[in-house]
Amino acid sequence: MNHLPLIIKREYLTKVRNKSFIIMTFLSPIIFMGLIALVAYLSQLNKDKIRVVTVLDETGLVQDMFNNTEHTHYNILEHMSLQDAKKLVNETDGTGLLHISLNVSTEDDENTISFYSKEAPSLGFITDLERRLEKRLTNLNLKRKGVDIDMINASKIRVDILQESFEGEKTSKVDSVIKLIFGGAAGYLLFMFIIIYGNMIMRSVIEEKTSRIIEVIISSVKPIQLMLGKIIGTSLAGITQFVIWLILGGVLVSLTSIFFGVDMTELQTPQREIVNQAMENPEINAQIQNAANAFFSLPLVNLVIAFILFFIGGYLLYSSFYAAIGAAVDNETDTQQFMMPIIMPLVLAVYIGVFTVIEDPHGTVSTIFSFIPLTSPVVMLMRIPFGVPLWQQIVSLLLLIGTFIVTVWFAAKIYRVGILMYGKKPSYKELIKWIKY
Amino acid sequence: MNNLLEVNKVSKHFGEYKALNEVSIAVPKGSIFGLLGPNGAGKTTLIRIINQITMPDSGTVHLDGDFLSPMHIKDIGYLPEERGLYKSMKVGEQALYLAQLKGLSKTEANSRLKFWFDRLDIGDWWNKKIQELSKGMAQKIQFVVTVLHEPKLLIFDEPFSGFDPINANLIKDEILRLRDLGATVIFSTHRMESVEELCDDIALIHKSNKILDGKLVDVKRAYKINTFEVGLRSENHDVLKQDIAEKFSVSNAHFKTLENELKLNIKLDQDENPNALLNYLTSKATVSHFVELIPSVNDIFIQTVKNN
């Protein structure tokens, strides 16, 4: 008799109806969004703050470029000594004093431009000032040396090396970043999923042992059916939770925008202003365009299919470990000694993904670890956006499935014996003995 | 075939440890079969093999003439010694789930559960969680779940533990009723008085071996020691005892009486007629007490286990 659907249904319903599960599901996005709203609110407080920058331009060459903007007011000083200017600014509440000395166009003095302030200004602010001054002064220098600036601008050329494999797959630098984000997100999602829901499976096995219902159940159901039912039921509950989080997250974002009048994407703060100015830079605009193109040129179909397959494979593999551990021990505190060997390859996989795949997605280390079943789900998911030959994906997947079947078989043995063992904390030696029973 | 269950030379090892050594038992249809033995003798292993929780290394098990297979799961109801229910699940839901695992349809399970819950007067518990119930209450539900699918074979491991005397009696009556309706019962317990009261047949397992089995009356007959407990009213106990000791083997007995009587256990030889003893005793004194000593299951248990 196949009771698998019945067991899955029970496991799913028990998980989903569990109070702490419900609270976690609905509270965590609210808390999360609450934090975001708080940050947004706090930066709104900053919104009305106006930065007052006093400028003492001894050369008179650049002062016309400081036009007041919404969040930054410029106060231009003329005919004043640096000493007096410093004193003056120090007495007012201004952000600071920008001093441009007479030596600015001679190249041998480095400290020609200084910024004096009570508190160190933000990095973004300084970088922005530097960028603008640099541009203006360079242009002035060029003009003085008799160079036609329009001609320079007209002859400027942007280089973005197009990378193409001999099979015709095109990539670029921006592509790589997008790929990295995609692979990283997929790998990290799997990692989180395994840890959260693997633990949930383990706890539910332990619960069956401590409540002593297990012997009643397995007099009607095969242990392997019970184990698979648990793994699948808990996974479905996990997926439900994830989907609710996504939906709630979306709803909450729109709700907060409406109620707080905060448009999260268009927050106008002094920080934001600088970023926006940078955006006007044509180079960056071009890069954003590139990123969009990169996204659409990703092997999306391959990515989605591989994500689903490796996700399921990797998750099931680790789940069976968790189920076996749950069966082997009596309570959660005893699980520690068995957790290490599970967490280790998982963490290793993430490290390899983050450090090695970025450096060299098709190098020896990345390739090898994308075949080893314990690390392959995470590493392969991170590699796939960079284009992995189909045969490699298939071989890796087959290895994963093969290992999963073997692992489930071993886990089921440990499970079968373990669930009926009470009272003592088993050693690894004993676990191996159980497999032989 | 008269036996519902036949276990034939079943052995089971756990690593080096031999849990069962060629154990055979036969459980007659419609009987209550007592499976006895000291702690760790191998009873639970045998029961788990019958339930197909563990597989035997060698030997065969037949149920109702067929080789034991997964299709027999619905024919067996098992109440394990280590038992419990999902603590945070509602009583009704849980009972339905367990009944469905035994192959009942949901509607069938529902109507049978209604019947049993009314019968045991526990109808109001349907929507309670197990953790809100007392241990005895949970045990009742466990009992219902065990018998609900009307199995041919019921296996109870210490069914009365956790029950007060009233509920224990209620459960005992239910077991007897189910037996009368045609179920066969295997009953494992350390309470010898309930074995005495309920069992038709017994088997005794000790150190992985079956050391005794058969009909309870036959076993008792085999352990009969031809000894009679007598109480005699007389003026002079010492003289009387000496007189009797010259003709029979005599030892002191202990039982409760109203008067100060001489209490003796008198052992007869195998072919001696108890009437001869009684005639002799009536000629000597007034006989107030004359009982053949029948060994109790308790005595048989202790004696057999010690001798092995």
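Select chain B to begin: 10 helices and 14 strands. Here helices (H or I, at least four residues) and strands (E, at least two) are DSSP runs, numbered from the N terminus. The model is predicted; local features need pLDDT of at least 70, side-chain atom pairs count only at pLDDT 80 or more, and totals for chains, interfaces and linings use all residues. Residues are numbered from 1 along each chain as its sequence is written, chains are lettered from A and ligands numbered from 1 in the order in which they are written, and side-chain values use heavy atoms, with hydrogens and water left out.

**Chain B as a whole**

Stay on chain B and show its surface. Accessible areas come from the Shrake-Rupley method with a 1.4 Å probe; for residues, only the protein chains shown count as cover. Of the 308 residues in chain B, 51% count as buried. Buried means under 20% relative accessible area, exposed means over 50%, and partly exposed lies in between (1.4 Å probe, protein chains only).

Now look at the contacts inside chain B. Take those between residues at least 6 apart in sequence: 69% join residues at least 24 apart. A contact means heavy atoms within 4.5 Å.

Select B:K9. This residue sits in strand β1 (residues 3-14) of chain B. Most residues other than glycine have a negative phi. B:K9 is partly exposed, at 48% relative accessibility.

Next, select B:Q52. Look in the loop between α1 and β4 (58-63) of chain B. Phi of B:Q52 is also positive, near 60 degrees, and the residue is not glycine. Is B:Q52 buried or exposed? B:Q52 is buried, with a relative accessible area of 16%.

**A charged trio in chain B**

Select B:E174 and B:R119. They form a salt bridge, with the closest N and O atoms 2.8 Å apart. A salt bridge is a side-chain nitrogen of Lys or Arg within 4 Å of a carboxyl oxygen of Asp or Glu. The pair links distant parts of the chain, 55 residues apart: B:E174 lies in helix α5 (residues 165-180) and B:R119 in helix α3 (residues 106-119). B:E174 is buried, at a relative accessible area of 5%. B:R119 is partly exposed, at 37%.

How are B:R177 and B:E174 placed in helix α5 of chain B? They are 3 residues apart there, so about one helical turn separates them. B:R177 counts as partly exposed, at 24% relative accessibility.

**Over to chain A**

Of its 437 residues, 41% count as buried. The accessible surface of chain A is about 24100 Å², and 65% of that belongs to carbon and sulfur atoms. Among contacts in chain A with a separation of 6 or more, residues 24 or more positions apart account for 71%.

Zoom to A:E11 and A:R10. Their side chains meet in a salt bridge (3.2 Å, N to O). A:E11 and A:R10 are buried. Now widen the selection to A:R10, A:E11, A:K15, A:E208 and A:K230. Salt bridges that share partners join these residues into one network. Over all chains, the salt bridge count comes to 27.

**Where the chains meet**

Show both chains. The contact takes 27 residues from chain B and 24 residues from chain A. Together the two chains bury about 2600 Å², 60% of it on carbon and sulfur atoms. Buried area is the accessible area (1.4 Å probe) that two parts lose on being put together, summed over both.

How many salt bridges cross the interface of chain B and chain A? There are 3. For one example, select B:E82 and A:R212. Their side chains meet in a salt bridge (2.5 Å, N to O). Side chains of opposite charge can pair when their charged atoms come close.

Finish on the side of chain B that touches chain A. Helices α1 (43-50) and α2 (91-101) of chain B each supply at least two residues of this side. The largest share, 6 residues, comes from α2(B).
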